[in-house]
Amino acid sequence: MALKITVIGTGYLGATHAAAMAELGFEVLGLDVVPEKIELLASGRVPMYEPGLEELLRKHVAGLEGSTGRLRFTTSWEEVGEFGDVHFVCVNTPQKHGEYACDMSFVDAAFESLAPRLKRPALVVGKSTVPVGSAARLAGRLAELAPAGADAELAWNPEFLREGFAVRDTLHPDRIVVGVESERAEKLLREVYATPVGEGSPFVVTDFPTAELVKTAANSFLATKISFINAMAEVCEAADGDVVKLAEAIGHDERIGKKFLRAGVGFGGGCLPKDIRAFMARAGELGADQALTFLREVDSINMRRRGHMVELAREAVGGDSFLGKRVAVLGATFKPDSDDVRDSPALNVAGQIHLQGGQVTVYDPKGMENARRLFPTLGYAPTALDAVRGADVVLHLTEWQEFRELDPAELGAVAGRRVVLDGRNALDPSRWREAGWTYRAMGRPQA
Ligand code: UDX
């Protein structure tokens, strides 16, 4: 009989994973502790902007016209415990307030609620990004709490999806990594992932600590790559070099690769910044902090990018102060094709300028609602054109396709001054310059 799957936590990761499991043919039950979220999902809508996710959900949510009916949602732990052969724990692990360490309270709470309801054989699979050593600890807790005893087992299966590509990354992952302690657990997970593995996704089997570390190591490497190119951007700026050409040229070396070498205002979001910090904190606890001191530098290069953009903007409006100056900010999300504004470089820059007396107006294609909630005192405009109206300087801080397609001549007609700072090196300098703009990018020659 086909496996029955539950997904605990229906944020970015959980909602996508649940829909993907239904797409792979399994009966799926999603659980969240927030009833409003469950109601929304059960009606075929997702509480975030993620291309393709709503369509996939609608294809499977029970009760919707034409759906397979394979996907249902609940707030009941009892139901989840009775239903599932495999339970994926997908709750989030944010940064602790005022600390580098990871907040495990949602993961711990999920295990405390689920384990006592596991009365029959089941595999619990952790997907959340956790400090190394958590799986071993949670396996112990599971053994203590589950009525099924040894028939309730743990595996760790980190998730590598990117926002904006969540559906694709889940259905066609670059690799599937599983940390297991028995053949039975490996066999069950091979069954779950038979389709992507059959289509060529590598299946890497390892132990708990390695599986946990693969995720934090991968994100640390990506963050390091971005900070490396941003450090090169700093040097390029000092030496009048062009970091975009430099990245292209070093990227031709296959050992380096072209991806993740886009210099600009740096990385943000709900993963890279908090993951490298939690990794440093955990290494410290393990007595291995020296191994990761370089991540402190990666973090500070990254944060320096935001400050640097504020300085470039100050220079652009005359040098001394933002008082009485109008600043248009194009972009609010931490990256395009997402409505996520968590630790967004764009909003951080906007907020700094606002605090220094600038009159900031933000426009973003999808992130306005979340941005307004987080930064209610900033100004917001319904279109890019409206944001730019009367501005002394325009900051391009999230590289949405919509911004690439803007007509610089049309914007120039309404701007106070034609000065644009491209914080993502993504606009076409010649188009903007031809329309009479002073175009400045990060780590590129000014002229
Ligand atoms: C990341 C990892 O890529 C993913 O594998 C993991 O599961 C979760 O964390 P995500 O946070 O969705 O995914 O975004 P990602 O595409 O990695 O971008 C992160 C940040 O880096 C964004 O702010 C982006 O603008 C920035 N970035 C990315 C750069 O500044 N330059 C680059 O070259 C690439």
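This is a predicted model: local features need pLDDT of at least 70, side-chain atom pairs count only at pLDDT 80 or more; totals for chains, interfaces and linings use all residues.
Residues are numbered from 1 along each chain as its sequence is written.

Let me start with the domains. The protein chain is divided into domain 1 (4-206) and domain 2 (207-447), with bounds that come from an automatic or database domain assignment. The centres of the two domains, taken over C-alpha atoms, are separated by 32 Å. Across the boundary, 25 residues of domain 1 are in contact with 26 residues of domain 2, where contact requires C-beta atoms, placed from the backbone, to lie within 7 Å. On the domain 1 side, the elements giving two or more residues are helix H6 (134-145) and strand E7 (176-179); helices (H or I, at least four residues) and strands (E, at least two) are DSSP runs, numbered from the N terminus. That side of domain 1 has 17 nonpolar, 7 polar and 1 charged residues, with Ala, Val, Leu, Ile, Met, Phe, Trp, Tyr, Cys and Pro counted as nonpolar, Asp, Glu, Lys and Arg as charged, and the others, Gly among them, as polar.

Next, the ligand. It is surrounded by 20 residues, of which the closest are Glu163, Arg262, Phe267, Gly269 and Cys271, and a residue belongs here if its C-beta atom, placed from the backbone, lies within 6 Å. The shell around the ligand draws at least three residues from each of domain 1 and domain 2, and its largest share, 3 residues, comes from H10. By class, the shell divides into 10 nonpolar, 5 polar and 5 charged residues.

That brings me back to H10. Helix H10 (residues 208-239) and helix H11 (residues 243-251) pack at an angle of about 135 degrees, with their axes 9 Å apart, the axes being lines fitted to C-alpha atoms, for helices over the stretch in contact, and angles running from 0 to 180 degrees between N-to-C directions. That makes H10 oblique to H11, since angles under 35 degrees count as roughly parallel, over 145 as roughly antiparallel, 65 to 115 as roughly perpendicular and the rest as oblique. Ile229, Met232, Ala233 and Cys236 of H10 meet Val243, Leu246 and Ala247 of H11, a contact with 7 nonpolar, no polar and no charged residues.

The contact is made by Ile276, Arg277, Phe279 and Met280 of H12 and Leu295, Arg296, Val298 and Asp299 of H13, giving 5 nonpolar, no polar and 3 charged residues.

Helix H13 (residues 293-316) also packs with helix H14 (residues 345-355), at an angle of about 50 degrees and with axes 9 Å apart, so the two are oblique to each other. H13 passes H14 in a right-handed crossing. Residues on the H13 side include Arg305, Arg306 and Met309, and those on the H14 side include Pro345, Asn348 and Gln352; the whole contact divides into 6 nonpolar, 2 polar and 2 charged residues.

How values were computed:
Two residues are in contact if their C-beta atoms, placed from the backbone, lie within 7 Å. A crossing is left-handed if the near helix is turned anticlockwise from the far one by less than a right angle, and right-handed if clockwise.
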